[in-house]
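Dear colleague,

Please find below the structure that I promised to hand over to you. My notes on what was found in it follow directly after.

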Amino acid sequence: MPWGQETFAPVRQVRQWSAKRIYNMPAAPIQFYNRLTRRLETEAVYGEGPLRFVYENPLGKIALHVLVKRALFSDWYGRQMDEPKSAARIRPFIEKFRVDEAEFADPVSSYGSFNDFFYRQLKPSARPIVADPAAVAFPADGRHFVIPDVSQCRDFFIKGVRFDLPALLGDAAFAERFEKGSVLISRLCPTDYHRFHFPCGGTADKPQLIHGPLYSVSPIAFLQRPSIFWENKRYLTRLATGPFGEVLLLEVGATCVGSVVHTSAPDTPVLKGDEKGYFRFGGSCFITVFEPGQVRFCEDLLENSAQNREVYARMGDVAAWGCAELA
């Protein structure tokens, strides 16, 4: 008998059985509070099986450190999403995750690749910006988590883990200004709108690159390793505002994010809600850091974050209020 399917069939069956055991291992559902529906919901994780294998299985963790977290892997995957043949993934993705086509600025047929669809633009009416000048807007669609006082955050998703602001900013001396400040973490899933915007008006400087690996920012990953948020490759922008002091804006890359693209010009005045840039394929994260005493987050964010639970909300909706206006 020639070397062929019959010879390797038992081996393939063992591998398939093992993969099912690994990928379908029981795990607690990932829940978040949905501000739109006002109820707790379970997150549908894109690529959940492989993610659980890589971050929760000892064998998978070898692949994580040897390949998955490295830029080479994400660059390769990002290029696949730029190929014209990747456009075949768009319609099944829309249907599976119930993405609302009515919000798209362009018809689905106009997207030449999956990446074109992934960082699509929306109609302005799809994401109205909170008009009140005392309000800070969410910079992106996603699941949001807040830290009212960084200096008091000693159990960041895992007991005993402090949120490491000096590591996040890449400068311990600079971080001292924000030591008692507040943080908004906006985590974008592959199913979300992937353009990010300014949460308030002001003048922003040029984004500064801080090198790092590219771990996933899925809860499956950061519940195993919360330090992902201040380890991953990221860009830091300083936004000088009047009513909210200096605000720091960070785009955090992640596994399979081909690149972060900045579309706004540095050292130019911007308005709240103006586009800052977009993420190419993959889950990703936007972090906003405020100086001490400048803002107070909305109650649903405070209540759910205190329980280590994220809140889903859309770009442009109110995230916080200026403390000067509340006084």
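Which residues of the largest nonpolar core touch the most other members? They are Leu 239, Val 247, Val 295, Phe 297 and Leu 301, in a core of 34 residues, where a nonpolar core is a set of buried Ala, Val, Leu, Ile, Met, Phe, Trp, Tyr and Cys residues joined through side-chain atoms within 4.5 Å, and buried means under 20% relative accessible area with a 1.4 Å probe, protein chains only. Apart from it lies another core, of 31 residues, which includes Phe 174, Phe 178, Ile 228 and Leu 236.

Before you read on, please note that this is a predicted model, in which local features need pLDDT of at least 70 and side-chain atom pairs count only at pLDDT 80 or more, while totals for chains, interfaces and linings use all residues. Residues are numbered from 1 along each chain as its sequence is written, and side-chain values use heavy atoms, with hydrogens and water left out.

To return to Val 247, its contacts (heavy atoms within 4.5 Å), leaving aside neighbours within four places in sequence, include Cys 200, Leu 239 and Phe 290. In the protein as a whole, which has 327 residues, 52% count as buried. Among contacts with a separation of 6 or more, 74% are between residues 24 or more positions apart.

The protein has 12 helices and 17 strands, which are DSSP runs (H or I, at least four residues, for helices; E, at least two, for strands) numbered from the N terminus.

With kind regards

Terms used:
Buried < 20%, exposed > 50% of the residue type's maximum accessible area, 1.4 Å probe, protein only.
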